[in-house]
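Here's a quick tour for anyone meeting this structure for the first time. Have a look at it below, then read on.

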Amino acid sequence: MSSELLVDLAEDPASPSLDHLKLSPMDDQQWPPDLSTISKSETDIAQRLGEGSHLSWDHPYYDIARHQIIEVAGDDNYGRKVIVFNACRMPPHHELDHHKLLMYLKGTLDQYVESDYTLIYFHHGLTKDNKPSLGWLRDAYREFDRKYKKNIKALYIVHPTMFIKTLLILFKPLISFKFGRKINYINYLSELEEIVKCDQLVIPARVRDYDNKLRASLKPSAQVPMSPPRSPPLPEQQFGVPLSLLRERSADADLVPVVMRDTIVFLSEQGLEIEGIFRRSANVTLVKEVQQRYNSGEQVSFSQMEDVHLAAVILKTFLRELPEPVLTYALYNDIVNFHNVDLEAEAKVAAMRTLLESLPEENYATLRYLVNFLAQVASYSEVNKMTNSNLAVVFGPNLLWGRDAAMTLSAIGPINNFTRTLLDQQHLVFAP
């Protein structure tokens, strides 16, 4: 992985037009339709309905969304939202309204730009038939004002070619030095594991095939190591182990894991009036250090570290790294379809209550503990700007995902809506 925009580049651009830039032989070819589904999960609503879009057919952006060019994939390893752009899913020029694509991208980002976020661009599959004009790219960059650029923490370009590197040379006069430092090249998918768990990304089949071809073309001495297998859990490990096991290990048989108790107690005391709580990332080294201390059985005092955003990221990371989400795979189908239930408000609350009471005891206790805390956070929303809607966007993808861990816009919308309803009605759902 590298950030090559930091290197001094040639002052003389190669050409004023994208049409003069040549694609590599592997890029400049017609690709068959991508056979990968939106999600491999058997319970993914989009797959079962046979739809490629999370929007209804009469939505203004349906024609854009159905191509699945843009996806949202939960959080990265640092607690930042992940936005994915798939070049290989861009149809030929005559089938795509590029202005609407730009507006759709802005509309997607508008939901997340108040939080720190990461943009991953899969470059492979951009061909002479679907590459946008230089003018469109220039206008697109200018369209995204400071609101969009301020909180983007990194732009990762996966499988960069000479085309994309030359393109960045052309745009060097327009790209600020500060933004340029955020651009990184990812040569192989295994390098992405440092940033985000690839299992949660719906990576197009042709991108995976291309990555395999790149690996196969390397000399044995230059082979890039695949992602290492996960090591067995430590005796006191807290991250990445089931809630049921954490309950068994707990000295007092507490149903709520110690990581959640520690973070929520600290945040309740120190974080309720912090603007943007849960929207900021934390120092990566500190996050890993805290995780290691918990996994080694050490006590952790957030009061000594005095870092609200660190505690917030640790809480989200704990939830995201559970081998099975708090809301469980068993309830996935019911939850993503919950918005389709045609019931009066009171009956809907009763249905939600019945649904959640079917959770294992430790999952129910953990969820209730978290939701009660989030209700506290929302009560300070005039100060911290975290309404129930904003909290649902942050925590929804960390409470539920499909069995394959892949997260898409088709699933995120219903999950966030369910989480929002749960937060709105928590006093009734968890009433004695």
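## A buried aspartate

Asp75 sits in strand E1, residues 70-75 (helices, H or I with at least four residues, and strands, E with at least two, are DSSP runs numbered from the N terminus). Because its relative accessibility is 2%, Asp75 counts as buried (that's under 20% relative accessible area, with exposed over 50% and partly exposed in between, using a 1.4 Å probe and protein chains only).

Beyond its neighbours within four places in sequence, Asp75 is in contact with residues including Val196, Lys316 and Asn398 (contact means heavy atoms within 4.5 Å).

## About the model

This is a predicted model, where local features need pLDDT of at least 70 and side-chain atom pairs count only at pLDDT 80 or more, while totals for chains, interfaces and linings use all residues. Residues are numbered from 1 along each chain as its sequence is written, and side-chain values use heavy atoms, leaving out hydrogens and water.

## Aromatic pairs

The whole structure has 11 aromatic pairs (rings of Phe, Tyr and Trp, the last by its six-membered ring, with centres within 6.5 Å; planes under 30 degrees apart are stacked, over 60 edge-to-face, and the rest tilted). One of them, Phe239 with Tyr294, is tilted, at 6.2 Å centre to centre and 55° between the planes. These two are 55 residues apart: Phe239 is in the loop between helices H9 and H10, and Tyr294 is in helix H12. Both Phe239 and Tyr294 are buried.

Together with Phe318, Phe239 and Tyr294 make up one aromatic cluster.
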